[in-house]
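Here's a quick briefing on a protein model, meant to be read with the viewer open. Have a look at the fold first, then go through the points by topic.

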Amino acid sequence: KPFWLKGIIAPRIHKSFSKVMAVDSLQQYGVIHLKGALSDEEQHKLYTQIQGKFKAGKAGSYGGFLISAGAEGSASREQSFHELGDILFARVAAELGNLTDEQLREPAWARMREAYSGDRPVVVDHVSGVNYQKASRMLNHTDCEKPLYTLSLALGESCDFTVGQRTRKPHKNEIAGTPVTLVMESGDVLFFDGGSVPHAVDRIHFGTAPKFWQEAMPGCERISVLFREPRF
């Protein structure tokens, strides 16, 4: 039985969240950064479940891979990953009670406001990953021209993650302004609208990964596990 179905991670996420919500610079973009959502042991168990799903690449590159998708019961779906994503999304929605009514009216919080009220709970449609090789970066971009609500769970080396930098050709739904850079460490979770909020991985900090990662030698510097709603 996956560790997240035993109720292990929920208390830790709840405790961390109240600290993160005080970061006003992220609120303007509807971004939530949950520090230390998973312990090293929990990260290790998660890693062992995805380690056969990606391949090492060349230095300076990154690649995407599928973890789970499709209808419940289908061969391409691993239900436990969807349940983990639902738990994480639910925690984010529940903790919106820390925001004021004025803040909740901001467009950046519209989707999670619906989840918080119970009108439209988040249901994870697909789970994928991105594996970053040594010295790789991901340039500033949005994932599409429509909202794409995403939870990114970090494994491996820490990285500088920037949100809010205007893209070269912004679409009408883009939410940009003064960019904000945060350090995303292994075990952290980040919620954001990847379709509307520009984002980039600017730098990977070598030597910051947990002990299990260094011992596993996975063939990449870090992995982002991405939990998402349907794209359209």
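Start with D188, which forms a salt bridge with K35, the closest N and O atoms being 3.4 Å apart; a salt bridge here is a side-chain nitrogen of Lys or Arg within 4 Å of a carboxyl oxygen of Asp or Glu. D188 sits in the loop between β7 and β8 and K35 in the loop between β1 and α3, so this pair ties together parts that are 153 residues apart in sequence. Helices (H or I, at least four residues) and strands (E, at least two) are DSSP runs, numbered from the N terminus.

Keep in mind that this is a predicted model: local features need pLDDT of at least 70, side-chain atom pairs count only at pLDDT 80 or more, and totals for chains, interfaces and linings use all residues. Residues are numbered from 1 along each chain as its sequence is written, and side-chain values use heavy atoms, with hydrogens and water left out.

**Salt bridges**

- The structure holds 6 salt bridges, and K35, E185 and D188 are linked in a network of them.
- E185 is in the loop between β7 and β8, K35 is in the loop between β1 and α3, and the two are 150 residues apart.
- Which of these residues are buried and which are partly exposed? D188 counts as buried at 2% relative accessibility, whereas K35 at 32% counts as partly exposed, and E185 is partly exposed with a relative accessible area of 37%.
- For those labels, buried means under 20% relative accessible area, exposed over 50%, and partly exposed in between (1.4 Å probe, protein chains only).
- Elsewhere, D143 and R228 form a salt bridge through their side chains (3.3 Å, N to O).
- D143 lies in the loop between β4 and β5 and R228 in strand β10, so this pair ties together parts that are 85 residues apart in sequence.
- D143 is partly exposed, with a relative accessible area of 25%, while R228 is buried at 11%.

**The sheet of 6 strands**

- This open sheet has the strand order β1-β8-β5-β10-β3-β2, with antiparallel pairing; two strands pair if DSSP finds at least two bridges between them.
- β1 (32-34) and β2 (62-68) are the edge strands, each pairing on one side only.
- From one strand to the next, the twist averages 20°; axes are lines fitted to C-alpha atoms, for helices over the stretch in contact, and angles run from 0 to 180 degrees between N-to-C directions.
- Strand β5 (residues 149-156) and strand β8 (residues 189-193) run antiparallel and are joined by 5 bridges, with S152 having L190 in β8 as its bridge partner.
- Helix α3 (residues 40-50) packs on the sheet, touching β2, β5 and β10 (222-228), and its direction makes about 100° with that of β5; contact means heavy atoms within 4.5 Å.
- Helix α4 (residues 79-94) lies across β1, β2, β3 (126-132), β5, β8 and β10, running at about 110° to β5.

**S224 in strand β10**

- S224 is found in strand β10 and is buried, with a relative accessible area of 5%.
- The side chains of S224 and R222 are joined by a polar contact of 3.1 Å; that term means a pair of N or O atoms within 3.5 Å where, within protein, one must be able to donate a hydrogen and the other to accept it, and residues adjacent in sequence count only if both atoms are side-chain atoms.
- Not counting residues up to four places away in sequence, S224 touches S128, G129, V130, Y132, S152 and L153.

**The sheet of 4 strands**

- A second open sheet runs in the order β4-β9-β6-β7, again with antiparallel pairing.
- Its edge strands are β4 (138-141) and β7, each of which pairs on one side only.
- Here the twist averages 25° from one strand to the next.
- β4 and strand β9 (residues 199-205) run antiparallel, joined by 2 bridges, and H199 in β9 is the bridge partner of H141.

**E174, a buried charge**

- E174 is in the loop between β6 (158-163) and β7 (180-184).
- What is the nearest side chain of opposite charge to E174? That is R166, 5.4 Å away, and the buried E174 has no salt bridge; Lys and Arg count as positive and Asp and Glu as negative, with His and the chain ends not counted.
- The side chain of E174 does make a polar contact of 2.6 Å with that of T167.
- E174 touches T142, R166, T167, S196 and P198, leaving aside residues up to four places away in sequence.
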